[in-house]
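Subject: Handover of a structure and its findings

Dear colleague,

Please find the structure below, together with its sequence.

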Amino acid sequence: MKLLEKITLGKESLKNAIAMAPMTRSRANTEGVVTDLTVLYYTQRASAGLIITEAINISEQALGSPMTPGLYSQEQIDAWKKVTKSVHDNGGVIYAQLWHTGRVGHSVDRKGKLPVAPSAIGIKGQQHFTSQGLKDYETPQELTTGEIKQIVKDYGEAARNAIEAGFDGVELHAAFGYLPNQFLSESANLRTDEYGGSVENRNRFVLEAMQELVSASGNDKVGIKLSPTIYYNNIDNSDPVAQFTPLIEALNDMPLAFIHLMNGILPLDNYPSYPKNAIETFGSISKHLVIANAGFNKESGEAELKKGIAKMISYGSLFLANPDLPKRFELNTDLNVPDGPTMYGGGEKGYTDYPFLTEL
Ligand SMILES: Cc1cc2nc3c(=O)[nH]c(=O)nc-3n(C[C@H](O)[C@H](O)[C@H](O)COP(=O)(O)O)c2cc1C
């Protein structure tokens, strides 16, 4: 089975081609510091070829949701050190996913400050999960050109902190409507400076952030997660192929470890210009190792690897519920079913208490 074969990613030799997809679990403390429960959670999943952590805020400004962790204070860095050490001691490889939420946040969890974004356009038709319940999105504050350049530097600082914390590399969260994705989108980015107004300008922020991450972390230690055909969080593009092809081509010129592609998970009937299969359309033009994501099980993951475009498959909810997922694939056993209500927030229930095979 290709899923269980060894593979090289960046500087790491991985024991299988199965990645744990990044998943926010909202179990940090109010200072964005992860706890010993998080050490246990990731250690339980160290049999993944690669763990990509939950999204981690790069700065206080980046924060959008309650109880999400950070990588900008010494206390946060020191807490992550325990996670990386334990995962490494158990033979795992772990990348930190770096997060700036942009307009996908709310002032009630941002010390009263409005979220920031490429343009002052709020998300419509959705609500945000806050510490005070669901709330309508606010109109975010438009970033100045200088503030954008500072955020690029903040990514670099967070990547240096990630390396100090013992992570093997970092992934830019440029998917699912968060800040980098907002810059890439014609509906969220109406800027007229160098960061908007053309395909090239909309791609600029992501490319600058990636360059900064490479400078901070080193060659072959940086990945990126993209979702070119997901319009959640009001992310629209008239022609995703025209926007993302030059982006992926420019990423080809950087010394990256991987590109992590999410397939469309929403109906595309009203989006005729959106390619039906993002892995095929965009993965085939990437020179980097492609990790394919969204909706895979063992059989479809194996079939995807056989196509030859993706070299790894990442599993989200299945890894959340099955700490020993590679073993279960190997033995072809039943899988635990993910529990929706305990996905975000809480304690060990639905976090560290999913049973291993041996406990069944
Ligand atoms: C509880 C939960 C939290 C998630 N948080 C993140 C996140 O922090 N960063 C991210 O890139 N994707 C996040 N995702 C999306 C997953 O990484 C993945 O793309 C998605 O679950 C589809 O993969 P799957 O079908 O294997 O679950 C999250 C998904 C779940 C279920």
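This is a predicted model: local features need pLDDT of at least 70, side-chain atom pairs count only at pLDDT 80 or more; totals for chains, interfaces and linings use all residues.

Residues are numbered from 1 along each chain as its sequence is written, and side-chain values use heavy atoms, with hydrogens and water left out.

Pockets and cavity

Rolling a probe the size of a water molecule over the atoms shows where empty space is left. The search runs on a 1 Å grid over the protein atoms alone: a cavity is a set of points where a 1.4 Å probe fits but cannot get out, a pocket is an open set with protein on both sides within 12 Å along at least five of seven lines, and lining residues have an atom within 4 Å of a point. Grid points are joined across faces, edges and corners, and a volume is the space filled by probe spheres set on the points.

The largest pocket has a volume of about 1,000 Å³. Its lining consists of 36 residues, and Pro-22, Met-23, Thr-24, Phe-176 and Tyr-344 lie nearest its centre. Two or more lining residues come from each of β5 (94-99), β7 (127-130), β14 (312-315) and α9 (317-321). These element names refer to DSSP runs numbered from the N terminus, with helices being H or I of at least four residues and strands being E of at least two. By residue type, the lining of the largest pocket divides into 21 nonpolar, 13 polar and two charged. Here Ala, Val, Leu, Ile, Met, Phe, Trp, Tyr, Cys and Pro count as nonpolar, Asp, Glu, Lys and Arg as charged, and the others, Gly among them, as polar.

The second largest pocket holds about 570 Å³ of space. It is lined by 25 residues, with Glu-60, Leu-63, Tyr-72, Asp-109 and Lys-111 nearest its centre. At least two residues of this lining are supplied by each of α2 (74-89) and β9 (141-142). The lining of the second largest pocket has seven nonpolar, nine polar and nine charged residues.

In the whole structure, the search finds one cavity of 30 Å³ or more. The space in the largest cavity is about 30 Å³, and the residues that line it are Asn-181, Pro-228, Ile-230, Ile-235, Asn-237, Phe-244 and Tyr-274. Five of these lining residues are nonpolar, two are polar and none is charged.

Strand β10 (residues 169-174) has six of its six residues buried, where buried means under 20% relative accessible area, exposed over 50%, and partly exposed in between (1.4 Å probe, protein chains only). Gly-169, Glu-171 and His-173 lie on one side of β10, with Val-170, Leu-172 and Ala-174 on the other, and both faces are covered.

Strands pair if DSSP finds at least two bridges between them. β10 pairs with β5 in the parallel sense over four bridges, and Leu-172 is the bridge partner of Leu-98. β10 also pairs in the parallel sense with β11 (residues 222-226), over five bridges, and there Ala-174 stands opposite Leu-226.

His-173 belongs to strand β10 and is buried, with a relative accessible area of 7%. Leaving aside neighbours within four places in sequence, His-173 is in contact (heavy atoms within 4.5 Å) with residues including Gln-97, Leu-98, Trp-99 and Lys-225.

Helix α1

Which residues of helix α1 (residues 36-44) are buried? They are Thr-38, Val-39, Tyr-41, Tyr-42, Thr-43 and Gln-44. The buried residues of α1 pack against β3 (18-20), β4 (50-57), α2 and β5.

Single residues

Phe-176 is in the loop between β10 and α4 (179-183). Phi of Phe-176 is near 60 degrees, a positive value in a residue other than glycine, and Phe-176 counts as partly exposed at 23% relative accessibility. Asn-332, in the segment after α10 (325-331), has phi near 55 degrees, also positive in a residue other than glycine. Asn-332 counts as exposed, at 55% relative accessibility.

With kind regards
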